[in-house]
Amino acid sequence: MEMKALGHSSTLKRPRRIDHNSLWYRIRTNKAAYLFIAPWFILFLAFTVYPVIFSGYLGFTSYNPLKPSTINDFVGLQNYRNLFTDRDFLISLRNTLVFTFGTIPFTTVFALLLALAVNRGVKCKTLFRVGFFLPTVTSLAVISTLFVLLCNQYGLISQIVQFFGGKPTNWLNNQHTALLSIMGMSVWAATGYYMLLYLSTLQSIPQELYEAATVDGANGFQKFFSVTLPHLRHITLYIFVLNTINSLQVFTEPQIMTGGGPGYATTTVVLYLYKRAFSSQMMGYASAVGYSLFILILIMALIQLKVLGFDRRIDE
Amino acid sequence: MEKANRLSENARSYILTFILLPFLVIMIYPFLYMVSSTFKDQVSVITEGFNLIPKNPSLKAYRIVLSTQPFLKYFLNSLIVSLAVVAGNMVFSPMAGYAFAKKSFPGKKFFFILLLSTMMIPVYLILIPIYRTFIALEWMNTYQALIIPFLAAPISIFLMRQYIMGLPDEIIQAAKIDGASEIGIFVRIIYPLLGPCMAVLVINTFLNIWNSFLWPLLFTTESNMWTLMVGLYNYGGYKQQVFNERMVCATLAALPTTIVFLFFQKYIISGLTSGAIKG
């Protein structure tokens, strides 16, 4: 009784003091900041958080939109288990990996060599920049359509191959060449962008380093290996990670050029997901496909960061 | 000695240019070929091979495409969607970018990590739930389905944050002393300074949305709502082997971005590389 009264009177007597360090105070005085990020945050909740969580849930169901009640059909890890025995999925996974690891080395090496050459001082720099960059600003839908023409039996590619004594074929209709053709096109289309990333890094290397190396008596090769190359490590890692993430999600090119065929020869994981979700209406299963790919991408990115030993530098 | 050095320098860059020229041709030739194919007929587009100048040029393919397909409508749809998304990003991205750059508020780091992580969420992961939602909201075949999700793109916010961080704090302090409100500081002091960065944002957002394919493909099923890319894709499904007409569609779809690129290449290049060269 006494305690209670004491407590009561003491709160009454204490003057109201604003604690400038209290969390609530700092939130209230920063109302404007929350207002400023609110539009993004609302869109983020609606179009990222909700769908990511919901598709995680769907991956554990046998949801088929034609039978709405299946949304409650909890099947546990069955979808994920089925992936391992789904031949079509495994083929599309293989295609995706072949595409990714078959294009990245070429794209990166071409990009680096072209950047080094352009950086050495070519004439008409602008012309080169525009030329190499045009595929990057052009929609993949346009480029893919264009290459359907170039890849037909009598098209440009066949003519070039014939010129060098090869046998023309319908490149996109052939089990053995369809995926290779799409990969070739992707290298062609992507090189310019990565070249530009290399070029902007090359131009940021301080000129004094080269001068110092010259004073120390280094020749061209030594300068390249001791000055240029170390400066390119960070950007090369970035390019590897970015290109891996992009390549594992390849969709537009096979969708337009081959529709995934012939057979499943050019079906990629995202294309497979798209077909399962929106043609076969197996949305639960397709969600599991999506999550598996997402996990694969995360693992790949982490491995690259670890192997190349830049895990700390990336957040600088 | 000095002069000889400069001469050899000059000679070297000519040699380099000469070596690189074939690569430039490989990059540009397909585009020229695409445009020239639009003037060929259905047979010669295949048989004329390397020819850039058609033997019997005609505008027939253009006439057929434009008279059988509502291409003007596709063009308009692409334009409406792209411009609306650009407008949204011009408002919302600087707002959030400013808060992340210049304000310190509880949870800022948390929100910023969320922002960065959104950039890593692949689009296919969200397609199915959003498809369900759009059907429930009756948003299929509407502009808002193509516009609203992209109004405050994380990449634009990040771009703005990087730029605003470089603006001096003193101008904000001075405005505060003059009694400007929080919103007044943003609208009257910060926003007018964003010019160069805004140009990068506008052009890159425009290119991204104009070129997007998967999203409009999935959420528009009626031809009067198709964007150029979806129209281009569906034309291929319907006239698979008629390449001169397909190239007309491709050329019309690529024309606006090519023009934008040629005029604003400086901004485009700095925008696409800005994420990479920081740090």
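F50(B) is exposed, with 10 other C-beta atoms within 10 Å. This residue belongs to a predicted model. F50(B) sits in the loop that links α2 and α3 (60–68) of chain B. When neighbours within four places in sequence are left aside, F50(B) is in contact with L156(A) and Q159(A).

The secondary structure of chain B consists of 14 helices and zero strands. Read from the N terminus, its elements follow the order α-α-α-α-α-α-α-α-α-α-α-α-α-α. The C-alpha trace of chain B spans about 75 × 75 × 30 Å along its principal axes. Of the 279 residues in chain B, 42% are buried. Contacts in chain B between residues at least 6 apart in sequence were also examined, and 76% of them join residues at least 24 apart.

Chain B is divided into domain 1 (2–58) and domain 2 (69–277). The centres of these two domains of chain B, taken over C-alpha atoms, are separated by 33 Å. Nine residues from domain 1 of chain B and seven residues from domain 2 of chain B take part in the contact between them. On the domain 1 side, the elements that give two or more residues are α1 (2–37) and α2 (44–47) of chain B. The largest share of that side, three residues, is supplied by α1(B). By residue class, the side of domain 1 of chain B that touches domain 2 of chain B has four nonpolar, three polar and two charged residues.

Chain A likewise has its own helical description. Its secondary structure comes to 14 helices and zero strands, and from the N terminus on the elements run α-α-α-α-α-α-α-α-α-α-α-α-α-α. A compact globule of 316 residues would have a radius of gyration near 20 Å, whereas the value for chain A is 28 Å. Along the principal axes, the C-alpha trace of chain A spans about 105 × 70 × 30 Å. Buried residues account for 38% of the 316 residues in chain A. Among contacts in chain A between residues at least 6 apart in sequence, the share joining residues at least 24 apart is 66%. Chain A is divided into domain 1 (2–56) and domain 2 (85–315), and the centres of these domains of chain A, taken over C-alpha atoms, lie 46 Å apart.

One helix pair in chain A was examined in detail. The axes of helix α5 (residues 87–119) of chain A and helix α11 (residues 220–248) of chain A come within 9 Å and cross at roughly 145°. The crossing of α5(A) and α11(A) is right-handed. On the α5(A) side the contact is made by T96(A), F99(A), T100(A), T103(A), I104(A), T107(A) and T108(A), and on the α11(A) side by I239(A), F240(A), N243(A), T244(A), S247(A) and L248(A). The residues of this contact comprise five nonpolar, eight polar and no charged. Helix α5 of chain A also holds G102(A). G102(A) is partly exposed, with 17 other C-beta atoms within 10 Å. The C-alpha atoms of G102(A) and L180(A) are separated by 8.8 Å, although the two residues are 78 residues apart along the chain.

Helix α13 (residues 269–278) of chain A is largely enclosed by the rest of the structure, because eight of its ten residues are buried. The buried residues of α13(A) are V269(A), V270(A), L271(A), Y272(A), L273(A), Y274(A), R276(A) and A277(A). Their cover includes α5, α12 (252–257) and α14 (283–307) of chain A, together with α6 (124–136) of chain B.

The contact between the two chains takes 69 residues from chain B and 73 residues from chain A. On the side of chain B that touches chain A, 54 residues are nonpolar, twelve are polar and three are charged.

Definitions and conventions. Residues are numbered from 1 along each chain as its sequence is written. Chains are lettered from A and ligands numbered from 1 in the order in which they are written. This is a predicted model: local features need pLDDT of at least 70, side-chain atom pairs count only at pLDDT 80 or more; totals for chains, interfaces and linings use all residues. Axes are lines fitted to C-alpha atoms, for helices over the stretch in contact, and angles run from 0 to 180 degrees between N-to-C directions. Helices (H or I, at least four residues) and strands (E, at least two) are DSSP runs, numbered from the N terminus. A crossing is left-handed if the near helix is turned anticlockwise from the far one by less than a right angle, and right-handed if clockwise. Ala, Val, Leu, Ile, Met, Phe, Trp, Tyr, Cys and Pro count as nonpolar, Asp, Glu, Lys and Arg as charged, and the others, Gly among them, as polar. Domain bounds come from an automatic or database domain assignment. The radius of gyration is taken over C-alpha atoms; the globule rule is 2.2 Å times the number of residues to the power 0.38. A residue is buried if 20 or more other C-beta atoms lie within 10 Å of its own, exposed if 12 or fewer, and partly exposed in between; C-beta atoms are placed from the backbone.
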